[in-house]
Amino acid sequence: MTVLEARERVGGRVWSEELPGGGLIERGGEFITGGYDATEETAARLGIRLEGMGINYPHRELRPGPGPAASDLLAGAEAAAAASASAGARARASAFLSEAISDAEVRDVLATRLQSALAHPFDALDARFLVHLPYLVAAAETKRIAGGNQSLAEALAARLAEPVRFAAPVREIRHDSRSVRISGDDFNLDADACVVAIPIALLTELRFDPPLPEAQTKAIAAIPTSRAAKLAVPMRDAVEPQALMSRSGRFWAWTTPCDGVGGRVANAWAGAEPVLADLGVDAGPGGWLAKLAELWPELDLERGRAVLTDWRADPWARGAYSVLPDVEDPDGTAAAASPAPGIAFAGEHTAVPEWTGTMEGALRSGFRAAEELLAAS
Ligand SMILES: Cc1cc2nc3c(=O)[nH]c(=O)nc-3n(C[C@H](O)[C@H](O)[C@H](O)COP(=O)(O)OP(=O)(O)OC[C@H]3O[C@@H](n4cnc5c(N)ncnc54)[C@H](O)[C@@H]3O)c2cc1C
């Protein structure tokens, strides 16, 4: 088996980095929460340990507070999710939320939470997405992989008989009923079958010969990629694990002892274009650092060591993750279907409908794609 990777490392949107001077940060996928069975099982199989982050992903102190009680948020989330269960993809999330929840503050917090998690403007979301709300506010143990989430991909890569070929972007896949030919700038590789696991934003540029069915090409092109950025800032003093959400800035921040330096890195997440624009992310970390200091004045931030990661600028991701479109292919299956006997699609965008946009979804999709090809052979 040959793995062709465009970057110089494995892990893709999971990118763990040791900061000069100390501090282990996750520049991409970070939180492992409830139901991450494939992640837990794969880690156990590889002898990799998961550790508690000391925070609960769904629980964030709203500032300025106090904000709605956790029980009111959960009740509102469940009501909205139930109301949306029968909604078609064309119904707006905002309309359903207004109908299901009378308390304006609960509504506002839930809308902000959903927008943040999906990294896509709330107004652009249809009612199907409300089904995620209870998960976003119910208690859930939250973990990271000891030594960094990327070590899972590294351990998988280390078990391959043939080393991963880095800096090898695939440009074209030719296929017939018996084999596939995979080509890059300076290589051609013939194989019985292949799993295509590149981000949805890049899939539109991969040439297929013969081309993908027209309906599938359209379905793939219709899936938007969300936008998210993360900020990591080392601190002079260690702090207890805690999570805060900015009411006005609509970003959140947390600390965890999993940072390799006992809780001396402040981490922050901003999801959705308008939130990143308010923080001035395009101009660098300055605007966000000022707002983080305002949100959490207790932290002694080493601003000069801040690390900003904007995934829109990453050429091999072009954004955070997929957002299922509200028309044509509302359950995402047309985009994810195998287009020919020797080709299977994998990646978070194919983990429809439940696990898109997650590390767990990416792993599950890989197992599913491998099973599909093995069954076909
Ligand atoms: C900022 C951020 C925070 C996140 N936080 C969480 C979280 O807390 N919990 C969670 O579960 N999920 C989180 N996610 C989502 C999660 O990281 C992704 O869903 C998951 O990692 C995607 O995996 P993938 O294999 O589908 O894609 P990727 O990890 O992007 O892997 C695709 C690989 O294909 C390579 N590639 C691209 N084009 C080519 C080409 N032409 N030829 C060869 N190789 C190519 C890329 O370099 C990459 O290595 C987060 C994502 C981001 C961006």
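S116 is found in helix α4, which spans residues 104–118, where helices (H or I, at least four residues) and strands (E, at least two) are DSSP runs numbered from the N terminus. The structure described here is a predicted model, in which local features need pLDDT of at least 70 and side-chain atom pairs count only at pLDDT 80 or more, whereas totals for chains, interfaces and linings use all residues. Residues are numbered from 1 along each chain as its sequence is written, and side-chain values use heavy atoms, with hydrogens and water left out.

S116 counts as buried because its relative accessibility is 2%; buried means under 20% relative accessible area, exposed means over 50%, and partly exposed lies in between (1.4 Å probe, protein chains only). When residues up to four places away in sequence are not counted, S116 touches M245, W252, W269 and G271, a contact being defined by heavy atoms within 4.5 Å. Under the same exclusion of residues up to four places away in sequence, the residues touched by I182 include L4, V170, E172, F187 and C194. By contrast, the C-alpha atoms of I182 and S322, which are 140 residues apart along the chain, are separated by 25 Å.

The surroundings of the ligand were examined next. The ligand is surrounded by 32 residues, of which the closest are E5, R13, F31, Y36 and E348; a residue is taken as near a molecule or strand if one of its heavy atoms lies within 4 Å of it. By class, this shell holds 18 nonpolar, 7 polar and 7 charged residues, where Ala, Val, Leu, Ile, Met, Phe, Trp, Tyr, Cys and Pro count as nonpolar, Asp, Glu, Lys and Arg as charged, and the others, Gly among them, as polar. A polar side-chain atom of E5 lies 2.6 Å from an oxygen atom of the ligand, while a backbone N or O atom of E30 lies 3.0 Å from a ligand oxygen atom and a backbone N or O atom of F31 lies 2.7 Å from a ligand oxygen atom.

Salt bridges, each defined as a side-chain nitrogen of Lys or Arg within 4 Å of a carboxyl oxygen of Asp or Glu, number 27 in the model. One of these joins the side chains of R128 and D126 at 2.6 Å, N to O, and D126 is buried, at 1% relative accessibility. In another, the closest N and O atoms of R174 and E172 are 3.0 Å apart; here R174 is partly exposed, with a relative accessible area of 41%, whereas E172 is buried, at 14%. The side chains of R227 and D310 also meet in a salt bridge, at 2.6 Å, N to O. This pair links distant parts of the chain, with R227 in the loop between α8 (214–221) and β11 (228–234) and D310 in strand β15 (residues 307–310), 83 residues apart. R227 is buried, with a relative accessible area of 6%, and D310 is likewise buried, at 17%. Both residues belong to a network of salt bridges that links R227, E273, D282, D310 and R312.

A cis peptide bond joins D209 and P210, with omega about 0 degrees, and P210 is found in the loop between β10 (207–209) and α8. A cis peptide bond also joins V352 and P353, with omega about -10 degrees, and P353 lies in the loop between β16 (343–345) and α12 (359–376). A positive phi, near 55 degrees, occurs at A119, in the loop between α4 and α5 (133–137), and this alanine is buried, at 1% relative accessible area. Phi of A167 is also positive, near 50 degrees, but A167 counts as partly exposed, at 45% relative accessibility.

Methods: A polar contact is a pair of N or O atoms within 3.5 Å; within protein, one must be able to donate a hydrogen and the other to accept it, and residues adjacent in sequence count only if both atoms are side-chain atoms.
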